Amino acid sequence: MADAVVACRDVVQIYASERGTVQALRGVDVDAHAGSVTAVVGPSGSGKSSLLRLLAAIDVPAAGEVTLTGRSLGELSGRRRRRLRRRAVGFVSQRPADNLEPGVPLRRQLRAAARFRQAELAAADELLEELGLSTRAGHRPGELSGGEQQRAALARALIGGPALLVADEPTAELDRTATVDVCASLRRLAADRGLAVVVATHDAAVLAAADRVLHLRDGAVQSATLAGEQRAVIDGAGRVQLPPEVVAWFPNQRVRLEVDPETRTVRIWPS
Ligand code: ADP
């Protein structure tokens, strides 16, 4: 946790809705390190956006702890949290239209972002070049392809040199070629800038570009994939989430655990 750019421990998120309260996250642990790409996958409603909003310091958890660049968010006032977010986090959402000012040429809006974040104006041109958009600097978003718009959104999010980039399904509205382009940009930005990248996705190309994949289900991390190997996760409270088809083997949801300290194995029996 100490050297993670962002870490959360046992975070719970609860929303009040007309139908009562919804527990969107039920005790999630995540670490994201400099130079790495972490993908978050899971069915709709599994808690991906809720988790991303916590990691990006947009929301605070109902319980548990989020630490961003060494600062515990729960200890900060709303004002300090927003200041930390502005300095430390770049955020890109699914729809290009939500990431960019529609009628404003790219260089102009990146420079405005630089002024807002008290960064060098030169950062605008550097980032446009880094993302292969130098020849588009005078174009408005509407004059760009979807892929170019999302790369411009990455450039804008990275003004001021945040340590963390959070992207919520950034390729959902892109075609294959543009998706591959955006994936390559995420990988390169993580490596070259030492960024921690956390990306929610359904896309196989994004998953292939990730160092680690976290599989969310019902607001908990069910498993993690590292170097192509998928492993179930035991969370900080000792919970393991069984796949739904396996849960069905235990209809009364009571089990007997057979623990063998000799071989350090555990078997679960219906009871
Ligand atoms: P995902 O991104 O995986 O689709 P979300 O984090 O958006 O999942 O949602 C997780 C759960 O929380 C869902 O049941 C969703 O309906 C609920 N939820 C999300 N945001 C709100 C909100 N602002 N108010 C009430 N319920 C919400």
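Is Arg95 buried, partly exposed or exposed, and what is its relative accessible area? Arg95 is partly exposed, with a relative accessible area of 42%, where buried means under 20%, exposed over 50% and partly exposed in between, with a 1.4 Å probe and protein chains only. This is a predicted model, in which local features need pLDDT of at least 70 and side-chain atom pairs count only at pLDDT 80 or more, while totals for chains, interfaces and linings use all residues. Residues are numbered from 1 along each chain as its sequence is written, and side-chain values use heavy atoms, with hydrogens and water left out.

**Salt bridges**

- A search of the whole structure finds 14 salt bridges, each being a side-chain nitrogen of Lys or Arg within 4 Å of a carboxyl oxygen of Asp or Glu.
- Arg95 pairs in this way with Asp98, the closest N and O atoms being 3.6 Å apart, and Asp98 is itself partly exposed at 49% relative accessibility.
- Asp203 forms a salt bridge with Arg176, with 3.2 Å between the closest N and O atoms; this pair links distant parts of the chain, 27 residues apart, since Asp203 lies in the loop between E8 and H8 and Arg176 in helix H7.
- Asp203 counts as buried, at 13% relative accessibility.
- Arg231 forms a salt bridge with Glu229, the closest N and O atoms being 2.4 Å apart, and Glu229 is partly exposed with a relative accessible area of 43%.
- Salt bridges that share partners join Asp10, Asp235 and Arg239 into one network.

- Helices (H or I, at least four residues) and strands (E, at least two) are DSSP runs, numbered from the N terminus.
- Helix H7 covers residues 176-193, and its end C-alpha atoms are 25 Å apart, in agreement with the 26 Å that its 18 residues should span, the expected span being 1.5 Å times one less than the number of residues.
- The buried residues of H7, among them Ala178, Val182 and Leu186, fall within an arc of 160° seen down the axis, so they line one face of the helix; the arc is that of the directions from the helix axis to the C-beta atoms.
- On the face of H7 turned away from its buried side are the exposed residues Arg176, Thr177, Ala191 and Asp192.
- The buried residues of H7 pack against several elements, including strand E3 (37-41), helix H5 (122-130) and helix H6 (146-157), where contact means heavy atoms within 4.5 Å.
- In H6, 10 of the 12 residues are buried, so this helix is largely enclosed by the rest of the structure, and what covers its buried residues includes helix H4 (106-116), H5, E7 and H7.

**Loop residues with positive phi**

- Thr69, in the loop between strand E4 (63-68) and strand E5 (71-72), has a positive phi of about 40° although it is not a glycine, and Thr69 is partly exposed at 32%.
- Gln253, in the loop between H9 and E12, has a positive phi of about 55° although it is not a glycine, and Gln253 counts as exposed at 57% relative accessibility.

**A position in helix H9**

- Glu245 is in helix H9 (residues 244-247) and counts as exposed at 53% relative accessibility.
- The C-alpha atoms of Glu245 and Gln118 are separated by 52 Å, and the two residues are 127 residues apart along the chain.
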